[in-house]
Amino acid sequence: MSALQARNLRKVYGRGETGVDAVRGVSVELTAGECVAVVGPSGCGKSTLLHLCGGMDRPTAGTVVVDGVALAGLGDDGLTRLRRERVGFVFQFFNLLPTLTLAENIALPLLLAGVSAGEAADRARACADRVGLAHRLHHYPSQVSGGELQRSAVARAVVHRPALLIADEPTGNLDTDNGRLVLDLLRTLNDDIGVAVLLATHDQAIAARADRILRMRDGLVVGPVDAETAPTATTPPEVGAL
Amino acid sequence: MTLFRQFILRALLRDPRRSLATVAGVTLGVAVVLAIRLANTGSIRGFETALDVVAGKTSLEIVGAGVGVPDAQLADLGWLREYGLVSPVIARTARLRAPDGTEHPLQVLGVDVLRDRPFREYQLLEFAQGGREPSAQELLALLLDSRSVVLTERFASRHGIDLDGSVQLIIGDRVHDAVVRGLLLDEGPARVVDGQLALLDVAVAQLLFDRIGWLDRVEIQLFEAGAIDDAEQTIAARLPDGLRVQRPAQRGRQVEKMLAAFHFNLTALSYIALVVGLFLVYNTVAVSVISRRREIGTLRALGTTRRTVLGLFLGEAALLAAVGATVGLPTGWLLAQGAVRLTSTTVNALYITSAATVPPLTLVDVLLAFGVAMPLALAAAAIPALEGSRVTPIAAVRGADRLASQDDPRRSRRAALVAAAFFGLGGWLATLDPVGGLPLYGLAATLAVIGGAAALVPVLLALLRRVGRGVLVRWFKVEGMLAHANLSASIGRLTVSVAALVVSLAMLAAIAIMIGSFRETVTYWVGQTLRADLFVAAAGRGPAGPSPTISADAEQRVAAHPAVTAIDQFRTVDLPYGPDGDLIILGAGTFEVLLEHGGLLFKEPADGRAAMAKAVGADAVVVSEAFALKQGVSVEDTIELDTPQGARPFQVVAIYYDYSSDRGLVVMDRPTFARHYGTQRPGGLTVYLTPEADPETVREELLAALGPDHRLFINTNATLRAEVIRIFDATFAITYALEAIAIFVAIMGVATTLLTLVLERREELAMLRLVGAGRRQIRRMVVIEATMLGVLSQGLGLAVGVVLSLILIYVINVQSFGWTIQFSLPVWFLVRSTLLVAVATALAGLYPARVATSFGGEAAR
């Protein structure tokens, strides 16, 4: 079963003549365990596409099916439940809650889903262990490094075993080493727990490690690129695009 | 200015709800302060306008000691004519029954029209048509008949009374038929008392008011109006013992002084609403700064100076305060109408009988509204405005400038020390004496305690951070955990709002405890002292001023009832006392009856009854606690009281508890009173019945025996007790009203604080939604935060309220009114108010909770 099936997605912000087509008929499909990178210049519609696929926003037209659940028929509560149970998110600025410890941040999706505090803590601890943060569990976000923050965010995104992981520029705010570490982590989880990963990035080196690459421009997918043939970080993007 | 318009004004207009809420807070605060000021002025003004009417062109007046000026002395005062024109006057209040059966209070002026003509203007309707005033002879002709009365045109037309029509005057217990012989034009003095003025011949007035042989005063219109000081001094030197010369305004000043403590306490209370209202300004500017950090950062990046940013936000506060003050002015005037109604019961029951009206707004009120609101609003906005000016371009643009606040035990310790210092200061201030009869240090002590409470708030919040998590998680699961984390991280932001709420709730608790204790004390006192079966009083009897009397005929009919075993006749007069001329109440009672049947509660000596027995027929008095405290008098002291024969010494034999008046009562035996002040008809009768008699039945029989010609109020013991408690409750209605406003404003403050926090956390809230938090969960979280703030504030408020109530009861009350109140905790009221606060703050959290669920994925990057 596909982890994600998005067909002919269109998203218009605003109305009438002032409306802006952010996404103009994009289709994308991810199978379980697959990793797809969306690349393209700023404003090309990458983030909007991710928001639509993760149930954070509703498309103007088109359909999204996540892990067999069609989003079109879901109300606000349904979308919330879908995000809580089947989707995980990682963002550029980590977006951990500054008022919770790392352990609490990681356990949050489980607690929100009504999992008992004890079980949530156990699973969060296991997940933190997996991302190498067992020693930082009781630290607050302000007390750890950027790399650790993003690893916590990844742990939080997968603690509830989602079918789909949405990662919007997950390494955009990290140095090269930490970026690589986080990407390794995403790929490991991708393989180990079979979560499908849809990630948006500017970084060609990051994109190169995906199974597939979708190149977007002006709200359109301008062509799939096999990861093997994708340009590396050392190749200028313009060259890779040719 | 352009920047202010673009950056501040447009933002305020874009968020009209928040702008309106803030303006409403300031409006309410300003309005409450103004309303109390206007109501206070109004209650005195009602009396002073009546005073003006009676005073006319009078420069000076001769008054007697308590009971007036004996007619006989008038002949000896012929020398007064060397200084000016002289006119004897009777000035009293009565009730008039109109032809339609309705009854209305009236100011009655009894004058010798031949002498009084130059003092007052008498524009009569029938003569005005001929374009002239009546001559003295024509006036005399109108009033000579003992049934004649002159009313005002306005009063007559309002109540359907015609010229030469019949009305009834009710004076004391007597009902007199009268004929309206003239109507005063609706101008001059007739207009200022709203037409409620009646004119009688002085001799007729003496007869009707049971004042034969006595005048209320002799008025003088000086030949040389400019030489008033000299005239006052030389006349004072020539007057015989027992008479004093004073200016008419002196009576107004006495009334003002009498009401000063009552008004002062109300004013102090009204400022709490204003101060709490200004916390809203703080909150609004804080919301402005927080929700627009990125914009501020952009402005700063584009070259806007810190000073300009500071100016922008201070300008926002000034604008909100200016609008609030402008709207507060007419709102205050409207609220004053209600405040006058609420206070007039107290003023009329305890101080003066007057028709209080709200005076129009003056420039002073406008200056007060702006002069108080603007500086306070700027001070309130200073902290968030400074915070705004310190926003760095980079932090704001990145939006990553909010971190979890760390637990700093040193800060808590410091706050606890500051709180202890404030409480210590409060304790010391509470031991100091009043200033000019006003509890200034007592109020300073309450301010110190309030300061201490505010300093304790961060300590309390830190305590919540440490120990509250377990409870919240157990009760409210993940929402409780998030609420706890949010509150813990926002201690700095929350302190001001929680402090405002704590102050309001502490004042409410303190006032509730004080009033509850007072009520218990009064109930006990009434139970102990009101022993008689029936209480007889003449109609229209007031607590101050000349009281109407009970006729001999009525008294005989009461005494003749077979069930009556004893009667205590009592009489009260106002008497200036001491160097400041404080208007005290001099009472005369039948001590033998009081000793046998009554139940005065004595404060000193231990055996008060034995001491009182020594005062029977002697030049000795018992005094109320308020008199003893205010005048610094103890048992065995000798006090000097003015009598018609001059000042006379009286020994104080006992001090008794009394809550009927804070002016202070001096009571002597009736024969002693008669010896010094002449035989006076009693103003009331306290009647004791045989044990088997049913008071209600006897009351009915007495009323039947008195017939329609006598207008007496007869209360049974039970109805009088109920009446005492009714007046008590009415007295404190305004107190609760003021506090309710303060709490309402404070709860609005909690709502705006939560809104601040929600806006500050928009990215976190969006993230929460993304990781699966439902709208309901977010709403629950914010409402839990609101309720926690309410419950915490109420907890601290109650504790501080108990401390404040001790100051109110044992310092401010004693210094203002001279009453001993037994401390008692109104447990049920406090439990109910706690629940109410919890519910109200939870409701206050609903709007911020709704806003909190509105942030979508666009907020998370």
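Student: Before we look at the helices, what makes a crossing left-handed or right-handed?
Tutor: A crossing is called left-handed if the near helix is turned anticlockwise from the far one by less than a right angle, and right-handed if the near helix is turned clockwise. Keep in mind that what we are looking at is a predicted model.

Student: OK, so which way do H27(B) and H28(B) cross?
Tutor: The crossing of H27(B) and H28(B) is right-handed. Helix H27 covers residues 775-817 of chain B and helix H28 covers residues 827-844 of chain B, and the two pack with their axes 7 Å apart at an angle of about 150°. Because angles over 145 degrees count as roughly antiparallel, H27(B) is described as roughly antiparallel to H28(B).

Student: Which residues make that contact?
Tutor: From H27(B) they include B:Val783, B:Ala786, B:Leu789 and B:Gly790, while H28(B) contributes, among them, B:Leu830, B:Thr834, B:Val837 and B:Ala838. Sorted by class, the contact of H27(B) with H28(B) has 11 nonpolar and 5 polar residues, with no charged ones.

Student: Switching to chain A, how do H3 and H5 sit against each other?
Tutor: The axes of helix H3 (residues 102-112) and helix H5 (residues 146-158) of chain A come within 7 Å and cross at roughly 30°, which means that H3(A) is roughly parallel to H5(A). H3(A) passes H5(A) in a right-handed crossing.

Student: And what touches what there?
Tutor: On the H3(A) side there are A:Leu102, A:Asn105, A:Ile106, A:Leu108 and A:Pro109, which meet A:Ser152, A:Ala155 and A:Arg156 in H5(A). By class, that contact has 5 nonpolar, 2 polar and 1 charged residues.

Student: What about the strands in chain A, in what order do they line up?
Tutor: In chain A, 4 strands form an open sheet in the order S2-S1-S4-S5, with antiparallel pairing. The edge strands are S2 (20-31) and S5 (69-70), each of which pairs on one side only. Strand S4 (residues 61-66) pairs with S5(A) over 2 bridges, and A:Val69 in S5(A) is the bridge partner of A:Val66.

Student: Which helix lies across S1, S2 and S4?
Tutor: That is helix H1 (residues 46-53) of chain A, which runs at about 125° to S1(A).

How values were computed: Residues numbered from 1 in each chain as written. Chains lettered and ligands numbered in written order. Predicted model: local features only at pLDDT ≥ 70, side-chain atom pairs only at ≥ 80, totals over all residues. Pairing = 2+ DSSP bridges. Contact = placed C-beta atoms within 7 Å. Axes fitted to C-alpha atoms, helices over the stretch in contact; angles between N-to-C directions. Parallel < 35°, antiparallel > 145°, perpendicular 65-115°, else oblique. Nonpolar A, V, L, I, M, F, W, Y, C, P; charged D, E, K, R; others polar.
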